[in-house]
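Me: I am new to this structure and would like to learn how to read its features one at a time. Please give me the general idea each time, and then the case at hand.

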Amino acid sequence: MPVPGHVGSDYETLRPEFKVIADPYSGKDVLLVPAIVPDVAFIHALQADTDGNLLVDEKEDDFLLAQASRVVVASTEEMVSPDLLRRAAYGLKLSAIHVTALVATPGGAHPTACRERYGIDAGHLTEYLGLAKSDETFRTYLQRYIFDLKDHGTYLAQVGLAALAA
Amino acid sequence: MAAVIAREVRDQETVAVGTLSPIPAAGVLLASRRHAPRATVMIINHDDHWPFHNGSKEFYDFAQRGKIDLFFHSGGQIDQFGNLNVITIGQHDHPTIRLPGGAGSPMLYYLARRVILFRTEHSPRAFVERVDYVTSPGSSSPRVARSGGPRKVVTPLAVLAFNRESKRLELESVHPGISLAQVQGATGFPLGGPREAPTTPPPTEEDLAILRGPVRESVAKLYPVFARTAFLAA
């Protein structure tokens, strides 16, 4: 697909799959890039209904990502009725046609934010960034937040989001 | 820096501020409360200043139609030709520092009519003779569709202007209390421009009151840490 700008940047050499051609309409040079088709997209929905339709954050790019990917695995903050989802004031409705699998997972966006539910957990992200510096310390992170915890509810309690656990 | 950036905003224009840009956000909000009340102000994902409802795609599509008059950008490296590097410092395969990558930059740098560059570190490693990688070039050949590009660079020391004839950055003004020699010493390439650079006009009392009052309050919705730490009391 054509992408405006970019011509004359080092993307031309760093990304050999990018091609510069003459635009057949204007005659100007234009950069072409292959479309990205992810095998799997993982997205977190604000709400989902019992038919698998999602309400996704309109300030994020989940709507686009879901349409680009072969398989879409969605988690959702909350399950609601199709009627309630239709009447949502904020967010984009992503049709179930794009969704491969759906898991009800309150707190599923943590340690990033979920609009009007919880903010970014800066302390947790800082801890993660520190521990992610080496394989050895990263194992500590995995042990602390995944392997040592018996289920998602325990994780939520551990990170201070126990109120979200159903 | 925010007060200098505010002067670049013209009334009735469409002005957009991208991610990780709290200083331009403050500057644009100052302008909209002062001389540019009818400017359309877009600050990415700000609840009061973001007109789009379909992620970054809708904004990029809007920008690709040439509808942004003024945009702001920074760079890990900025060189004398106005080239930006946000890819890698060092060798691409063995980076010294892996920068975040271009995202919309190599499109916005061509299609926003005027781009103001900002950098909070004015040093020889930030302002280099030639960038290690060109994410977005300062200028392009006539074979390339380009309606915009860099106009100025704002730092804590000075304002540089992009000369569209020579296609190079040169000194426009030096901030109060800073010497020309200090600016040249902090810049990794020879600065053209006047030998006696004028002094950047400092922010007025009114500017400071607006910045420390309503602007700070609005910026806090998107940049709480910046709002808490970067302003003196109102």
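Me: How exposed is A:Arg15, by its relative accessible area?

Reply: Buried means under 20% relative accessible area, exposed means over 50%, and partly exposed lies in between (1.4 Å probe, protein chains only). A:Arg15 has a relative accessible area of 36%, so this residue counts as partly exposed, and A:Glu17, at 34% relative accessibility, is likewise classed as partly exposed. The side chains of A:Arg15 and A:Glu17 meet in a salt bridge, 2.8 Å from N to O, the term standing for a side-chain nitrogen of Lys or Arg within 4 Å of a carboxyl oxygen of Asp or Glu. Please keep in mind that this is a predicted model, where local features need pLDDT of at least 70 and side-chain atom pairs count only at pLDDT 80 or more, while totals for chains, interfaces and linings use all residues. Residues are numbered from 1 along each chain as its sequence is written, chains are lettered from A and ligands numbered from 1 in the order in which they are written, and side-chain values use heavy atoms, with hydrogens and water left out.

Me: Which parts does the salt bridge between A:Asp39 and A:Arg70 tie together?

Reply: The side chains of A:Asp39 and A:Arg70 come to 2.9 Å, N to O, in their salt bridge. A:Asp39 lies in the loop between β3 (29-32) and β4 of chain A, and A:Arg70 in the loop between α2 and β7 of chain A, so the pair ties together parts that are 31 residues apart in sequence. Helices (H or I, at least four residues) and strands (E, at least two) are DSSP runs, numbered from the N terminus. A:Asp39 is exposed at 52% relative accessibility, and A:Arg70 is exposed at 58%. Over all chains, the rule gives 19 salt bridges.

Me: How many salt bridges are there between chain A and chain B?

Reply: There are 3 between chain A and chain B. In one salt bridge, B:Arg143 meets A:Asp29, with the closest N and O atoms 2.5 Å apart. Another salt bridge brings the side chains of A:Arg115 and B:Asp47 together at 3.3 Å, N to O. A:Arg115 lies in the loop between β10 and α4 (122-131) of chain A and B:Asp47 in the loop between β2 and α3 of chain B, so this pair joins two chains. A:Lys59, A:Arg115 and B:Asp47 are linked in a network of salt bridges.

Me: What area is buried between chain A and chain B?

Reply: The size of an interface is often given as the accessible area lost when the parts come together. Buried area is the accessible area (1.4 Å probe) that two parts lose on being put together, summed over both; between chain A and chain B it is about 2000 Å², of which carbon and sulfur atoms give 51%. In chain A, the residues that lose the most area to chain B are A:Tyr11, A:Leu14 and A:Lys59, together 26% of what that side buries. The contact, meaning heavy atoms within 4.5 Å, takes 21 residues from chain A and 28 residues from chain B.

Me: Which residues touch the most other members of the largest nonpolar core?

Reply: In soluble globular proteins, nonpolar side chains tend to be buried together. A nonpolar core is a set of buried Ala, Val, Leu, Ile, Met, Phe, Trp, Tyr and Cys residues joined through side-chain atoms within 4.5 Å. The largest one here has 43 residues, and B:Phe59, B:Ile68 and B:Phe71 touch the most other members. α4(B) gives the most to this core, with 5 residues. Leaving aside residues up to four places away in sequence, B:Phe59 touches residues including B:Trp50, B:Phe52 and B:Leu108.

Me: In what sense do β4 and β7 of chain A pair?

Reply: Strands of a sheet pair through backbone hydrogen bonds, either parallel or antiparallel. Two strands pair if DSSP finds at least two bridges between them. Strand β4 (residues 40-45) and strand β7 (residues 71-76) of chain A are parallel, over 6 bridges, and A:Phe42 has A:Val73 as its bridge partner in β7(A). β7(A) is also joined, by 4 bridges and again in parallel, to strand β10 (residues 101-104) of chain A, where A:Val73 stands opposite A:Ala101.
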